[in-house]
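Keep the viewer open as you read.

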Amino acid sequence: MATTPLDEPPSGRGIRSGSTAIDAVLVALSIAVAVVPALIVERAPPVRVEPRIATGQRGVAGRTAEPTIPPPPVEPAEFRNLPPDEARAFNATVPFIDGPNPPARPFRFAGDTENLTRATDCLAAAVLYEAGDDTKGQRAVAQVVLNRVRHPAFPASVCGVVFQGSERRTGCQFTFTCDGALARAYPQVFWDRARKVANAALTGSVYAPVGYATHYHTDWVVPYWQSSLSKIAAVDTHLFFRWAGWWGTPGAFRQRARGEEPRILQLAPYSDAHKLAEVLAVEREAGVSTGRFAGGSMPRPSSDDPDTFLVALDTGGPPDQWPTLAAAACGDRVRCKFLGWRDPAAVPAQAALAGEPAVLTAMSFSYLRDRTQPLERRLWNCQQVPRPAADCMRRAVAPPPPPPTAAPAIIRSDPIQPGAPLTGVRRRGDPAPTPAPVTP
């Protein structure tokens, strides 16, 4: 690159007289910039970046900074091997944390009617099987479920949270989803009350005492996750916890629920919204909605056997439809027993009573299934419904009469002495007679 002497300005450029050596240097630099612009990189003005922290500190804008670490892992429900009394004593030594316990923000479900129905039934199952028929306990459980829906450590749906890990016995978050408790059918009135609690929580009702709790347990157990969380509240015999640090603050509960709820087949016996489409099609074809069952609704399993249905059949329904109704009630069960009576008064209260002779005589229809055999049998009471002989129930046969008892033994009297026992007769049990001595 050509250079210019300091005392001779380049053509076309003027320099004031009396310029110093520093002025000449500045002129040379300006020429270099003009000749080689590609060598000069413009520097952007500095930008202030708010640090990302995980301690709940606030930045200059007044908002809690988001942590750079991922959400904490969700541990399965495993418990320490402690007797109930020792567990209660241990739980009493765990202090409640100091500081505020703000209530959660109202939750409002954003999905359509079908998804809202599924979310309501999932939440109703959680509050009913976790807290029983207790409104206060049910509201506390519902609040924990919705807190989880908003937390990025959990699924973004109500049914996803409730049944998280239910396919594994040791991985479920709510034990009723994997320990067989759903086989225990609650009365319909209990379900109605649980659905009211669930619907209120999904439309903005808040249970403030548990705040932003994401975990809870009864006071007679000690789960392994307890030591890593902060104890914040107690509701009757249940203790409630939230994560320590930033992940337990209100700012962490920022996840938006999708509004799309999965279908849970475990709830199919209790919720039409969770039944498979083909099962609903069978029910519609059978006319269940118009009253083919007495009362016009699908039957519930027996209280003592979840695979047995004791049903009052609508007298207006055609008998040819009964197998379709049985298949709709049994759903996808491997084993199922569907027993129906036209007379509602003859329906027994328990499955164990269905084998009584009088109950069997009044039964109008039976459906038996066992896919492990395989076995599928449909039988009608042909004294009530004319059917081919192959479709008829076998009537109970009266047991044969008991054999006659042996006649009492008759002791004959001696003809010489009337009234005296006959002598010279050896009876069973008598000692053998002593032979008389022989005279030589």
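What is the order of the strands in the open sheet of 3 strands? Reading across, the order is β1-β3-β2, with antiparallel pairing. Two strands are said to pair if DSSP finds at least two bridges between them. Strands themselves are DSSP runs of E with at least two residues, while helices are runs of H or I with at least four residues, both numbered from the N terminus. At the edges sit β1 (215-218) and β2 (229-235), each of which pairs on one side only. From one strand to the next, the twist averages 30 degrees, using axes that are lines fitted to C-alpha atoms and angles that run from 0 to 180 degrees between N-to-C directions.

Before going further, a word on what you're looking at. This is a predicted model, so local features need pLDDT of at least 70 and side-chain atom pairs count only at pLDDT 80 or more, whereas totals for chains, interfaces and linings use all residues. Residues are numbered from 1 along each chain as its sequence is written, and side-chain values use heavy atoms, with hydrogens and water left out.

Now for the antiparallel pair β1 and β3 (residues 238-243): 4 bridges join these strands. T218 is found in β1, and its bridge partner in β3 is H238. Is T218 buried or exposed? T218 counts as buried because its relative accessibility is 15%; buried means under 20% relative accessible area, exposed over 50%, and partly exposed in between (1.4 Å probe, protein chains only). Leaving aside neighbours within four places in sequence, T218 is in contact (heavy atoms within 4.5 Å) with N91, T237 and H238.

Move on to the loop between β1 and β2, where you'll find V221. With 21% relative accessibility, V221 counts as partly exposed. Setting aside its neighbours within four places in sequence, V221 is in contact with F79, A87 and N91. The C-alpha atoms of V221 and R80 are separated by 7.4 Å, although these residues are 141 residues apart along the chain.

Finally, zoom out to the whole protein chain. There are 9 helices and 7 strands, and buried residues make up 37% of the 440 residues. Of the contacts between residues at least 6 apart in sequence, 64% join residues at least 24 apart. The accessible surface comes to about 26,300 Å², with 57% of that belonging to carbon and sulfur atoms; areas come from the Shrake-Rupley method with a 1.4 Å probe, and for residues, only the protein chains shown count as cover.
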